[in-house]
Structures are given as structure tokens and as C-alpha cells.
Amino acid sequence: MRFLIDVCAFSRALRSMLASQGHDVVSAVDRGPRTPDAEFLAWALEEERILITEDKDFGEPVFIRRLPHPCIIRFVEMTVEDKVAAMQEIIQLHTEAMSRRDLIVVTPNQLRVRRREEGDT
């Protein structure tokens with residue numbers, strides 16, 4: 001799988017875990033941490049990367065403006081260790097949601113998959 005980690009969600013541990021499992025991983029830190037959200041979203045979509053973030057601002061372009069988007073995994077108030085463990089679970093149990101380009105929201109006590117609606121790009 002191909003992943004793009006937003007600056008706010010980046011950690012060496014998360015990147016290392018994904019890379020060690022053979023995934024293609026890049027980070028906003030690599031290209032420029034001040035990339036505007038719309039460009040960041042377009043970058044992920046263009047390169048067919050799953051976007052990992054903590055930023056809730058992606059809801060507006062995805063759900064209100066209905067812009068095309070990749071799968072977005074959003075972590076909410078989680079430690080680095082919890083993010084790594086959650087990503088391992090997501091990869092094992094939610095590959096279909098990632099391929100559908102759903103929104104996956106993970107909190108310390110819950111994982112929710114918001115299915116992409118028919119007709120969404």
C-alpha cells in the first residue's frame with residue numbers, strides 16, 4: 001500500500017512500521033510541512049496514497065465541497081504507540097475500507113469507518 005503521512009501525524013515509529021511491512025511511505029515533512037490542505041489532498045489522490053492525519057480540516061473539502069479524495073485515516077488524541085498499533089489493525093482488518101477510499105477515524109477507544117457515499121469521487 002502507499003501512504004502519505006501529514007506533518008501532524010508523523011512519527012519515525014509509524015513511518016518505520018509501515019516501511020518495514022513493505023509499504024511505500026512518504027511524509028509531508030519530505031515535501032514541505034506548510035503544504036496547504038487542498039494541495040496535500042490532491043497529492044495523496046494523484047499518487048494513490050492513503051492519507052494519515054490528525055487534522056479535522058479535511059472534512060470540509062471531502063464532505064462539503066465533495067472533492068475527490070483518497071482514503072483518509074484520522075487519528076484523534078492518540079499516542080505514537082497507539083497510532084502504530086491502530087495502523088497495524090487497520091491494515092489487517094480494514095483493507096476494503098481503504099480501497100473504497102473511506103474515512104477512518106480512530107480514537108483511543110474506538111475505530112469508525114465512514115463509508116464513501118455512492119457518487120462521491
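Tutor: Asp-24 has a relative accessibility of 30%, so it counts as partly exposed. This is a predicted model, where local features need pLDDT of at least 70 and side-chain atom pairs count only at pLDDT 80 or more, while totals for chains, interfaces and linings use all residues. Residues are numbered from 1 along each chain as its sequence is written, and side-chain values use heavy atoms, with hydrogens and water left out.

Student: Why is Asp-24 called partly exposed?

Tutor: Buried means under 20% relative accessible area, exposed means over 50%, and partly exposed is in between (1.4 Å probe, protein chains only). Asp-24 is at 30%, so it falls in the middle class. Arg-2, at 33%, is therefore partly exposed too.

Student: What makes Arg-2 and Asp-24 a salt bridge?

Tutor: The term needs a side-chain nitrogen of Lys or Arg within 4 Å of a carboxyl oxygen of Asp or Glu. The closest N and O atoms of Arg-2 and Asp-24 are 3.1 Å apart, and that qualifies. Arg-2 sits in strand β1 and Asp-24 in strand β2, 22 residues apart. Helices (H or I, at least four residues) and strands (E, at least two) are DSSP runs, numbered from the N terminus.

Student: What does Arg-49 do with Asp-24?

Tutor: Arg-49 also forms a salt bridge with Asp-24, with the closest N and O atoms 3.1 Å apart. Arg-49 is in the loop between α3 and β3 and Asp-24 is in β2, so the pair ties together parts 25 residues apart in sequence.

Student: Is Arg-49 buried or exposed?

Tutor: Arg-49 has 5% relative accessibility, so it counts as buried.

Student: How do you know that Asp-102 and Arg-100 form a salt bridge?

Tutor: Their closest N and O atoms are 2.6 Å apart, which passes the test. Asp-102 is buried because its relative accessible area is 1%, whereas Arg-100 is partly exposed because its value is 22%. Elsewhere, salt bridges with shared partners join Arg-2, Asp-24, Glu-47 and Arg-49 into one network. The structure holds seven salt bridges.

Student: Why is His-23 called buried?

Tutor: His-23 has 13% relative accessibility, so it counts as buried. It lies in the loop between α1 (12–20) and β2. Leaving out residues up to four places away in sequence, His-23 touches Met-1, Phe-3, Leu-18 and Ile-91, where contact means heavy atoms within 4.5 Å.

Student: What makes β3 and β4 a pair?

Tutor: Two strands pair if DSSP finds at least two bridges between them. Three bridges join β3 (residues 50–53) to β4 (residues 72–75), so the pair qualifies, and the two strands run parallel. Ile-52 has Ile-73 in β4 as its bridge partner.

Student: In what order do the strands form the sheet?

Tutor: Six strands form an open sheet in the order β2-β1-β3-β4-β5-β6, with mixed pairing. β2 (24–27) and β6 (110–114) stand at the edges because each has a single partner strand, which leaves one side of each without a neighbour in the sheet.
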